Structure formats: structure tokens, C-alpha cells
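Keep the picture open while you read.

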Amino acid sequence: MSIQLNHHRRGEGPPLVLMHGVGHHWQSWRPVIDLLAADFDVIACDSPGFGRSAPLPSGMAPTITSYADAFEWFFAELGLTRPHVAGNSMGGAIALDLGRRRAVGSVTAISPAGFWTAPERRFCQLSLSAVANTPRAARPALERAARTRAGRVALFGQTFGYPTRLPAEEAVATLRDAWASPAFAAVLKGFDGYSFQRPEELRQTPVTVAWGDRDRLLPYRLQAPRARAMMPWARHLTLGAGHVPHYDDPPAVAAAIRTTALGSRPPARGGVGVRSA
């Protein structure tokens, strides 16, 4: 099967596919793309049912497995053979699934979904459902708030470590695309049956797991240790950032992805804004 995804492509080098989290869009990666385009053919995607991409084909359940299937079809559509992938949140879970299938050259999973307990998963679902279910009458006021520094702190403090670094226009666009997403609610419900499993199937794929120590959606202190315990052979990094770190610290995110994809050893102290965990 083939699938077309809305995407932004820039740069030259080995292909690198970037995947966002639930309710987000490819534009969240903009600051990181600027730093990676000299080394990679960067392809930042809107996942099915988010941004400007159509939902999954009719009859496909909105699960991590189905989204990984869709990205495999997308790779074939573009003629990509085992590209490097980096994903955030839901995108990180998809990236790990693709790594399990050996469909990719390397995986950088940033605060990936799936290392939760049932109560932690429910907390995530309820938190994001509040965004998905924002009443239409309240949306103009939230957009106005998002254009202010104080408003961005209030609205994005759970997902961004430093919300004021998020540009006002990107904050507004993030809200609008989340509200417009036809897949948001169904994907959140689809998390009910998902948790990360079978880590041994990833041993043959280079994997980095990076987690923001200011992550308040998938809390670092609870979930990052589980990822380390399940994949002790992987490279684990701590970012001085939140759940979505792309605007918090673009150089640190880019360094984590670059080092994983190029297969080099990390600097002795973990690089700019990054420390080994």
C-alpha cells in the first residue's frame, strides 16, 4: 500500500525522517531542521490525521503499529531505504517500532510514549484531551493568550520546558492544528492498548533515547529510568528541556540526532545542553 504525507524536505546527505507527537505538526522541528540540513536530507512529516496529512486509510486502527506501517509505506513512496528516524513522544514510539522492524538505519526517540504505567498513561491522555476538546467559543481567547509570554507559560508549561522560547505565531499555529486534527481524539484513545515491549528486537538498530528533565507530560524521573532498564545497550541522554524540546534547546536535540545517525561517539560530557543519563 502507498500513502502520501505532507512533508517539508531540506538539505543534502543521508535521509533523516522527523516525526512529531500527537496533536502536533512538522513545523515543531523547524529550529532543529536548520541545524541538521547541512548533514542530512531532512524530511519532516505531518503524521496521518495531523497537520496537513490525511488520516490513516479507512479501517486502520489509529495505533502505534498502524502509524509505523504508514511510515514504511511513505518510505517506499519516496524511495527511501532504511532512513534514519527521529521522533518525539508518539513519534518516538513510532520510531522505536520502525527500529524493531529494522526498517530504519537508526532511531533517536525523544521522550517516547509507552514507558508509562496505566495511571501515567491516563494522565497523559486526559492532559492532551483538554486541548483536543477545547470548546470553539474559548479558542479565540486562548489564541490571544498564546501571543503573550505569560499566556505561553500557562498554555505550554506542561510540554515545553521554556515556553517563552516558543514564538507566538508557532504557538498559535500549534493550537489551531491540534484543534483541526481529525485523528487527535482517536489516537489518544488508541494509547489504551499500548506500552513499549520486546526491547530485545531493537538490539541490531542504533538507538538513542533522549528525555527532557523538565518533561511534565511523560515525567522524566519516572519514565526515563524504565527506558534505561529495558534498553541498557542503547545510548541514553538527558536534555535540559521539556517534553517537546525543539525550541527549548535546538543544538542539543540536533546533536543527539546527528551523533546517533552518523554513528560517532558522544562528547565526553554529553555535548551542548546534553548529558549522558
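How far can we trust it? The mean pLDDT, the predictor's confidence, is 94 for the protein chain, and 95% of its residues reach 70 or more. Residues 264–274 are another matter, with a pLDDT below 50, although this stretch has 20 contacts in the model beyond near neighbours in sequence. Where pLDDT is low, the predicted coordinates should not be read in detail.

Now step back and take in the whole chain. Its secondary structure comes to 10 helices and 8 strands. The radius of gyration is 17 Å, close to the 19 Å that the globule rule gives for 277 residues, so the chain is as compact as a globular protein of that length. Along the principal axes, the C-alpha atoms fill a box of roughly 50 × 45 × 40 Å.

Let's begin our tour of helix pairs with H2 (residues 64–78) and H3 (residues 90–100), whose axes come within 9 Å and cross at roughly 70 degrees. Angles from 65 to 115 degrees count as roughly perpendicular, and H2 and H3 are therefore roughly perpendicular to each other. Their crossing is right-handed. On the H2 side, the contact is made by Ile64, Thr65, Tyr67, Ala68, Phe71, Glu72 and Phe75, and H3 brings Met90, Ala93, Ile94, Asp97 and Leu98. Sorted by class, these residues are 9 nonpolar, 1 polar and 2 charged.

Next, find H5 (residues 139–146) and H7 (residues 168–180), which pack at an angle of about 155 degrees with their axes 8 Å apart. An angle over 145 degrees counts as roughly antiparallel, and this pair is therefore roughly antiparallel. The crossing of H5 and H7 is right-handed. Arg139, Leu142, Glu143 and Ala146 of H5 meet Ala168, Ala171, Val172, Leu175, Arg176 and Trp179 of H7. The contact of H5 with H7 has 7 nonpolar, no polar and 3 charged residues.

Stay with H7 and look for another partner, H6 (residues 149–156). Here the angle is about 40 degrees and the axes are 11 Å apart, which makes H6 oblique to H7. The crossing of H6 and H7 is left-handed.

Key. Residues are numbered from 1 along each chain as its sequence is written. This is a predicted model: local features need pLDDT of at least 70, side-chain atom pairs count only at pLDDT 80 or more; totals for chains, interfaces and linings use all residues. Side-chain values use heavy atoms; hydrogens and water are left out. Axes are lines fitted to C-alpha atoms, for helices over the stretch in contact, and angles run from 0 to 180 degrees between N-to-C directions. Helices (H or I, at least four residues) and strands (E, at least two) are DSSP runs, numbered from the N terminus. Angles under 35 degrees count as roughly parallel, over 145 as roughly antiparallel, 65 to 115 as roughly perpendicular and the rest as oblique. A crossing is left-handed if the near helix is turned anticlockwise from the far one by less than a right angle, and right-handed if clockwise. Contact means heavy atoms within 4.5 Å. Ala, Val, Leu, Ile, Met, Phe, Trp, Tyr, Cys and Pro count as nonpolar, Asp, Glu, Lys and Arg as charged, and the others, Gly among them, as polar. pLDDT is the predictor's confidence in each residue, from 0 to 100. The radius of gyration is taken over C-alpha atoms; the globule rule is 2.2 Å times the number of residues to the power 0.38.
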